[in-house]
Amino acid sequence: SVPRLCIALTACGHDVTLVTLEGKLSPAALQCKDLGVDLRVYPHVKKFSGAISSAILKLSREVDVIHGHGLWEPTNWVTGFLARYSKRPLIISPRGSLEPLRLEHSKWKKKAAGFFFDNSCLRYASCIHACSSMEYESIRSYGLRNPVAVIPNGVNYNISTQEWNEFGEHFFARYPELKGKKILLFLSRLSWEKGLPLLADSWGRLARQFPEWHLVIAGAGTKQYEVDIKNQFIKKGVSKQITWTGLLKGNDKFGAFGAAELFILPTHSENFGIAVAEALAAGVPAITTHGAPWKELSDNKCGWWVPINIDDITAALYEGMAMSIEERRAMGARGRRLISDKYIWPAIGSQMGDVYKWLLGQADMPSCVILG
């Protein structure tokens with residue numbers, strides 16, 4: 001989402017520099033360099049990079065606005081402190097870091113990091129960026145009274161239905177044993193907050209009733225978590241109806257969406273849930289929980305937004321899989337319309353650019369900003 005935002009801002013006429021640490025960069029990060037973003041990658045020194053500190057110090061004297069993404073990491077502290085030192089407007093996107101459930105994870109480490117570093121950066125910020133009204137509430141619950149800009153993430157929407165079908169064929173060519181199956185897709189990080197144990201229970205209840213359906217779990221996590229969660233599915237006795245693909249990127253990721261009949265993310269906590277938006281963009285009806293800010297699934301009849309429990313998740317899965325192909329395609333078409341109306345990157349980039357201009361005193365306060 002960060003490289004895509006940088007690309008969208010550049011397309012709106014802004015000069016954007018994206019600073020990050022070296023590692024496996026996403027296709028979007030690699031692409032942004034070719035689309036006008038000044039991408040600068042610096043080496044790690046354990047978890048703290050002196051090189052990136054020097055780079056941001058120099059940049060902070062040259063730029064108009066500094067935009068930090070995430071919390072709890074030394075690079076975030078460097079961004080915040082140098083914005084303050086250079087007296088530049090600072091906008092912080094927590095990216096879900098202030099969600100109550102996530103604050104409970106490694107609770108005391110985050111309290112210590114907040115006390116010594118993050119809280120002072122957050123208080124200094126001219127504006128905080130929330131990806132949804134749910135994340136806005138989390139920011140306020142944390143005690144912050146800064147102005148908050150509520151701007152969602154965007155989705156690439158320049159892919160036609162025919163192209164999605166072609167991506168789907170690419171997926172079936174890679175996994176020929178799935179050809180002819182109806183695909184239920186989970187695509188996200190394999191992590192504690194994503195609700196995979198709930199999916200294991202629901203799939204264990206339903207898989208035998210729907211032998212024509214196959215669950216594809218796409219994503220990666222820590223080795224120990226992957227072992228533990230795979231064992232939970234094995235215990236349900238439905239392993240023959242599950243394929244674990246590992247992390248999918250680029251066309252392989254598009255292929256999974258293109259092949260899917262139904263998408264599920266039974267999450268406990270999301271500040272946005274980009275995979276839900278990506279599924280809708282591909283014309284795939286989505287199921288997610290109240291842990292994600294996607295009430296629009298129910299409001300627009302393009303999916304299911306259910307409480308975080310096994311019974312409701314199972315009921316939504318049953319309804320989605322029992323539907324006719326025509327009904328699911330009609331839901332998918334409504335989902336594509338929702339994305340095209342509200343979640344395309346050019347509009348998102350324009351909104352964020354308006355926030356920057358406001359912070360610099362060059363424009364009135366945008367309607368997306370809520371004062372504390």
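**A helix pair and a strand trio**

The crossing of helices α1 and α2 is left-handed, meaning that the near helix is turned anticlockwise from the far one by less than a right angle. The contact draws on Pro 3, Arg 4 and Ile 7 of α1, and on Ala 28, Ala 29, Gln 31 and Cys 32 of α2. Contact here means heavy atoms within 4.5 Å. By class, the residues are 5 nonpolar, 1 polar and 1 charged. Ala, Val, Leu, Ile, Met, Phe, Trp, Tyr, Cys and Pro count as nonpolar, Asp, Glu, Lys and Arg as charged, and the others, Gly among them, as polar.

This is a predicted model: local features need pLDDT of at least 70, side-chain atom pairs count only at pLDDT 80 or more, and totals for chains, interfaces and linings use all residues. Residues are numbered from 1 along each chain as its sequence is written, and side-chain values use heavy atoms, leaving out hydrogens and water.

Now the geometry. Helix α1 covers residues 2–11 and helix α2 residues 27–34; their axes come within 8 Å and cross at roughly 20°. The two are therefore roughly parallel, the word for angles under 35 degrees.

Next, the strands. Which strands pair with β10? Strand β7 (residues 182–187) does, in the parallel sense over 3 bridges. There, Ile 183 stands opposite Ala 260. Strand β11 (residues 286–289) also runs parallel to β10, joined by 3 bridges. Here Leu 265 faces Thr 288 of β11. Pairing requires at least two DSSP bridges between two strands.

Technical notes. Axes fitted to C-alpha atoms, helices over the stretch in contact; angles between N-to-C directions. Helix = DSSP H or I, 4+ residues; strand = E, 2+ residues; numbered from the N terminus. Parallel < 35°, antiparallel > 145°, perpendicular 65-115°, else oblique.
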